[in-house]
Structure formats: C-alpha cells, structure tokens
Amino acid sequence: MERMLRIGFIGYADIVREYLRAFEKIENISFEGAYWGTDAAVPDDYEGPVFSSPIDLYESVDAVIFLGEKIRKKLIADAIRSLKHVFIDDYSAVLNGDIESLYNLAKEAEIVAQVSMPKMHYWNISDIIESTKNIRHIFFCKEQSHLNNRFQNDYIPEIAAILKLIDDDALRIYSYKTPLLSKKVEMVDIRVEFANGVSAGINSNPCGFYDAQELRIISEKALVMFDLRKREVHALVKSSSKELEKEVTSMEEIPFVEIDELKDFTEAIEAKKDPMLSFGDIKRLHRCLQMMEER
C-alpha cells in the first residue's frame, strides 16, 4: 500500500485552484495547508489551514509545492535542508544562477526536486523517449498565427524537451534571430550539437500565417513526425524487408496536466528516482541559455 504523501503550499499563484482540484483526484496525497507569506492575503475562495511560518509548515508535511515565479531561493533551500521534497510550479523561479547551489543541496539531501513544465507533459515526452530509440536528429517547428496578437517567442520548453530526449549535455548551441515587422518581434532559429554526435534544431515564428507545432525525429530505423496540435504521430519505419512502412497513430490526450505532473512527483518519491524534470535538467537548460548569450 502506498504511503500518504502530505503536501503544503508556499507562495501564491492563480494555479493554486488547479492543484487543489488535482489533490482531490489523487488518492495518496493529503493537503495539509499553506503559508502565503507575510504580505500575501489569503485568497477568498481558500478554506484550508494557514500556517504562520514556513517552519510550522515544514513540520507538518513531507513535500512542498512552491507557487509563483518570485519565490526566494532561501525558502526553497530551507525546505530542502529540512529534508522535504520540493515541487517548483514555475520553472522561471529556478532558471537562474541559483540552480547550481539548489541542485547540490537537493543531491546531498537525497530528496526529490521536480520542476513544472506543463507543455512537456502535454506532449508526452516520456512516452516519446521510450518509443524512439537511437535518435540522430530532432527538429521542432512552431508557428503562431499573427491573429493571436501574442508575439512573445518562448522556445525554452523546446530546448528542455530536446535535452530530455537526447539525455546529454549540449556541446555547442547557436541561435539566430530575424526581426519581423518590428524589433520586438523576432523569429528564432536554434541549432544544438551534442558530444554524442546527435544534433537538434528549433525554428520558432511568433508571427506566422497559421498555428503549427511539430516535432520531427530522425532515428536509426525511423522518421517520425509528431503533430503536437492535432495529437497525431506519423512514422516511416524500415521493415524487415528494408521497405518503408507508413504508420499513423494518435497521442494520448492529457486534459488535466497538474494531475499528470503530481503523479510523476509522487511516483518519483515512492521509487526514489528522478522526476520528469529535475533540478539537474534545469541546470542543463540554464547552461544552454548561457551559451546562447555568450555567443
């Protein structure tokens, strides 16, 4: 029988409501309460226990979910020193120079530290890793329709996914930016090379003619295209007769990403293994972004 995992919140973000809904659907999680901070007001729709300090919360839980992008490093570090497992809701909170020391702390304490990256769970990256062997090249192509009027170019989830799929440190990374219509709107082309000979690319256009999001993988015996919007997998696979066989399948939908991530968190704690996105993965990701800035 699985042990009940006692979890609490520190910080605040609107996503708190989704986590509370997720807790109700996972049998081995018990929500113990929250510490909102000295300056934060308790949300009107929150009816759970409120702790007066982080220390009081640490004494009552096995794991802490840190909410929001402005969580201080000291709070995360104190939780780890208290031997509490930690879940970081917003990856930008640790995608900075603090990740090195937090990674070392978590490794020494032998706790599970997971970081939320909802897109990666929605894409079923773990399933792709298991089903695609001997990867040679990875290519992400994403285009956002100009009709959305959201011209922010976010390619960080794609870099994180590439690092997970290849499971190696990047040797070199090149990025090229092309202004579109104004200096604030840029198309980005990224190339990544790994020590094991694998390469990867990302082409991201925040101001295109239509919405598209594809992941293409060239492996030893297959060419695979994942349509991440339609949730379809198209593959050309070399058969025993050395002919190419075409396959089309559907990817499983994940309508409630918080449940998927929390289940991964609890399973990692139970099995004493790395979660889907660990501090080690964020450390690799931060190094890639640093390499892009250094060029």
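In S9, Ser 204 is the bridge partner of Val 188, and S8 and strand S9 (residues 199-208) pair in the antiparallel sense over 6 bridges. Strands "pair" here if DSSP finds at least two bridges between them. Helices (H or I, at least four residues) and strands (E, at least two) are DSSP runs, numbered from the N terminus. Bear in mind that this is a predicted model: local features need pLDDT of at least 70, side-chain atom pairs count only at pLDDT 80 or more, and totals for chains, interfaces and linings use all residues. Residues are numbered from 1 along each chain as its sequence is written, and side-chain values use heavy atoms, with hydrogens and water left out.

**The mixed sheet**

- The open sheet that holds S8 and S9 has 8 strands in the order S7-S8-S9-S6-S10-S11-S12-S13, with mixed pairing.
- S7 and strand S13 (244-250) sit at the edges, and each pairs on one side only.
- From one strand to the next, the twist averages 10°; axes are lines fitted to C-alpha atoms, for helices over the stretch in contact, and angles run from 0 to 180 degrees between N-to-C directions.
- Helix H7 (residues 156-166) lies across strand S6 (135-145), S8, S9 and strand S10 (212-219), at about 160° to S6; contact means heavy atoms within 4.5 Å.
- H9 packs on this sheet too, touching S7 and S8, and its direction makes about 60° with that of S7.

**Two hairpins around S8**

- Strand S7 (residues 170-180) and strand S8 (residues 182-194) run antiparallel and are joined by 10 bridges.
- Their hairpin has 1 residue between the strands, and Leu 181 takes a positive phi near 70° there.
- Arg 191 in S8 is the bridge partner of Tyr 174, and Arg 191 also stands opposite Gly 201 in S9.
- S8 and S9 make a hairpin as well, this one with 4 residues between them; Gly 197 in the turn has a positive phi of about 95°.

**The parallel sheet**

- Another open sheet has 5 strands in the order S2-S1-S3-S4-S5, and its pairing is parallel.
- Strand S2 (29-35) and strand S5 (113-115) stand at the edges with a single partner strand each, so one side of each has no neighbour in the sheet.
- The twist here averages 20° from one strand to the next.
- Strand S4 (residues 85-88) pairs with S5 in the parallel sense over 3 bridges, and Ile 88 stands opposite Val 115 in S5.
- Helix H1 (residues 16-25) packs on the sheet, touching strand S1 (5-11), S2, strand S3 (63-67) and S4, and its direction makes about 175° with that of S1.
- Helix H8 (residues 257-271) lies across S1, S2, S3, S4 and S5, running at about 160° to S4.

- Helix H3 (residues 73-81) has Leu 75, Ile 76, Ala 77, Ala 79 and Ile 80 as its buried residues; buried means under 20% relative accessible area, exposed over 50%, partly exposed in between (1.4 Å probe, protein chains only).
- The cover over those buried residues includes S1, helix H2 (54-58), S3, S4, helix H4 (99-109) and helix H9 (279-294).
- Just after H3, Leu 83 takes a positive phi of about 65°.
- The axes of H3 and H4 come within 9 Å and cross at roughly 10°.
- H3 and H4 are therefore roughly parallel to each other; angles under 35 degrees count as roughly parallel, over 145 as roughly antiparallel, 65 to 115 as roughly perpendicular and the rest as oblique.
- Lys 73, Ile 76, Ala 77, Ile 80 and Arg 81 in H3 meet Ser 101, Leu 102, Leu 105, Ala 106 and Ala 109 in H4.
- The residues of that contact divide into 7 nonpolar, 1 polar and 2 charged; Ala, Val, Leu, Ile, Met, Phe, Trp, Tyr, Cys and Pro count as nonpolar, Asp, Glu, Lys and Arg as charged, and the others, Gly among them, as polar.
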